[in-house]
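Here is a short briefing on one protein chain. Please keep the sequence and the structure in view while reading the points below.

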Amino acid sequence: MPASAADPSPFAPMLDSTVEHHHLPGIAMAVVDNGQVVFTGTRGERRAGSGEPIDADTLFKIASNSKAMTAAVLARLVDRGLLAWDDPVTKHLPQFRMHDPWVTEHMQVRDLLIHNSGLGLGAGDLMLWPEPNAFTRADIIAGLEHLKPVTSFRSGYAYDNLMYVVAGEVAAAAGGKPYDQLLREEVFIPLGMTRCQAGAWSVAKVGNVAQPHAPREGGNVVVNADADIAPDLTSMAAGGIRCSLRDMTRWMQVLLDPTLVPGWLSDTQRRALWTAHMPMPLGERQRRWDNAHFSAYGYGWRLSDMDGQWKVAHTGTLSGMYSSLALLPDRKVGVVILINGEGEDARTVLMQAALKHYTAPAQRQTVAGYTEQLQAERTQRRNTTHALPDMTARKPVEPRPAWLGSADHPAATQGVALRSADHPAATQGVALRGGGHPAAVQGLYRDPWLGQARLCPENNTLRFSVDKSPTLRGTVMQLDTRWLVQWDTLGADAEPWLQVEPGTPPTLRLSAIDPDIDFSYDYQDLHFTRIGDCP
């Protein structure tokens, strides 16, 4: 792969401008033109301040760009007659259940890949992220039965990760091997993607691994750093694969030119992957920037048009890691971008500038120009949506005894008020009907799919935690008459309101404070019921 320092192409200035405007810890980029690698560029460090430079072999989390590889594994199995796209999921996973028995019966393997299940956007993602957590792939399959749909089956598009976890388990059942082994045998080895990793692996032995970063106090700091052994992630088939720039460049080349690895996929299955199986909404920016007229989902890929040319693409997003890959198949052009920091805008503007070099060179703008447009969009969105509340006055909620007062000695604590004519309910919108009836709000709670949670005293504070997700732990804070959870390690953009609702027993609800919260924080799908006292 040619060194970017010696390459006079226009992509090096684009890359440098992106780093300058978006303050990234590290980035890697490659461009393929007519099947040939015409540019590779890397900037920054694997770990900010370490002096360890990123190169073409540095491993990045590719996040949801893993989905296309899962679809390719299934396509290989279809080619070998081990499964069919229209097989019922229950043929391979008899334990599979959706909330609606009819949907369970009629869900096909193809449905797992095209986001048409009827579940809401990102439903159940809290079983996958934030990592690490203790949920297994068996937990995912069992939890699906408790996730209620928001639309009818196959009626519309809503991005979903859990179904790709199921798809990986279908592949494992049909192929007779664990999914990570199938991935190596069906994709990595035949395509020569020698650095890609899935399943459990030794970080120290493999080496040259980029760490995720988050912006803190004007700089980038490592978050969720790797331990010595990278675990077998439950999210693997949906977003848990790691690859290098060299690997992803090879992946693009083989996708663009099947003669590089003859027979790896039949023409029929290659077409199936890039067929528009599910219509997708076409965004205003996509119309304006790409002059696009359609948008759809294939098997693991987003399909659209860009300035009259066919575009096949996907992005990947994890905390501290961003990726983007786009192909113009008719021109055998491909661009891949890997970032080890908070780089949503960076990948957007760099990919746009790079693709416009091919689709509409006379209309292309600079990275700085696209960045200004994104900033203007964000400002307009803030001005047209409700503002976030001022959090400066919030304070920790003090724990109270589990038994609250009676009609003669009311207590309005922990979000609970006892209703009576003499002692009206006063706080958190929660009332236990009938004066004189004591209430226990602190305690153990359970959600049907996320499992057990605790609302219990700890060091003179009230704490909320989810047993199987150690990152979902925080201090309950009060702001005016409302409660919220201040997570120990997650940022303020992930904080939820916490509300205790009336009933016997009481229930807990979480809801996002920030309307632009990442959709994987699907708090709205949770419903905790009190099951016992705090230990």
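In this predicted model, Cys456 counts as buried, because its relative accessibility is 10% and the cut-off for buried is under 20%. Its disulfide partner is Cys534, which counts as partly exposed at 22% relative accessibility.

**The disulfide of Cys456 and Cys534**

- The two sulfur atoms of Cys456 and Cys534 are 2.1 Å apart.
- The torsion about this S-S bond is about -100 degrees, so the disulfide of Cys456 and Cys534 is left-handed.
- Cys456 belongs to strand β19 (residues 451–458) and Cys534 to the segment after β25 (528–532), so the bond ties together parts that are 78 residues apart in sequence.

**The disulfide of Cys196 and Cys243**

- Cys196 is joined to Cys243 by a disulfide, with an S to S distance of 2.1 Å.
- The link of Cys196 and Cys243 is right-handed, with 115 degrees about the S-S bond.
- Cys196 sits in the loop between α7 (179–191) and β4 (201–202), while Cys243 sits in strand β8 (residues 242–244), so this pair ties together parts that are 47 residues apart in sequence.
- Cys196 is buried at 6% relative accessibility, and Cys243 is buried at 0%.

**The disulfides as a set**

- The count of disulfides is two.
- With bonded cysteines counted along the chain, the pattern is 1-2, 3-4.

**The open sheet**

- Eight strands make up an open sheet with antiparallel pairing, in the order β2-β1-β14-β13-β12-β11-β10-β9.
- Its edge strands are β2 (36–44) and β9 (278–279), each of which pairs on one side only.
- Strand β1 (residues 26–33) pairs with β2 in the antiparallel sense over eight bridges, and Gly26 stands opposite Gly44 in β2.

**Strand β11 and its neighbours**

- Strand β11 (residues 302–306) is mostly covered, with four of its five residues buried.
- Strand β10 (residues 295–297) runs antiparallel to β11 and is joined to it by three bridges; Tyr297 has Arg302 in β11 as its bridge partner.
- The hairpin of β10 and β11 has four residues between the strands, and Gly300 takes a positive phi near 85 degrees there.
- Strand β12 (residues 309–318) also runs antiparallel to β11, joined by five bridges; Arg302 stands opposite Ala313 in β12.
- The hairpin of β11 and β12 has two residues between the strands, and Asp307 in the turn has a positive phi of about 55 degrees.

Conventions. Residues are numbered from 1 along each chain as its sequence is written. This is a predicted model: local features need pLDDT of at least 70, side-chain atom pairs count only at pLDDT 80 or more; totals for chains, interfaces and linings use all residues. Side-chain values use heavy atoms; hydrogens and water are left out. Two strands pair if DSSP finds at least two bridges between them. Buried means under 20% relative accessible area, exposed over 50%, partly exposed in between (1.4 Å probe, protein chains only). A disulfide is a pair of cysteine sulfur atoms within 2.5 Å.
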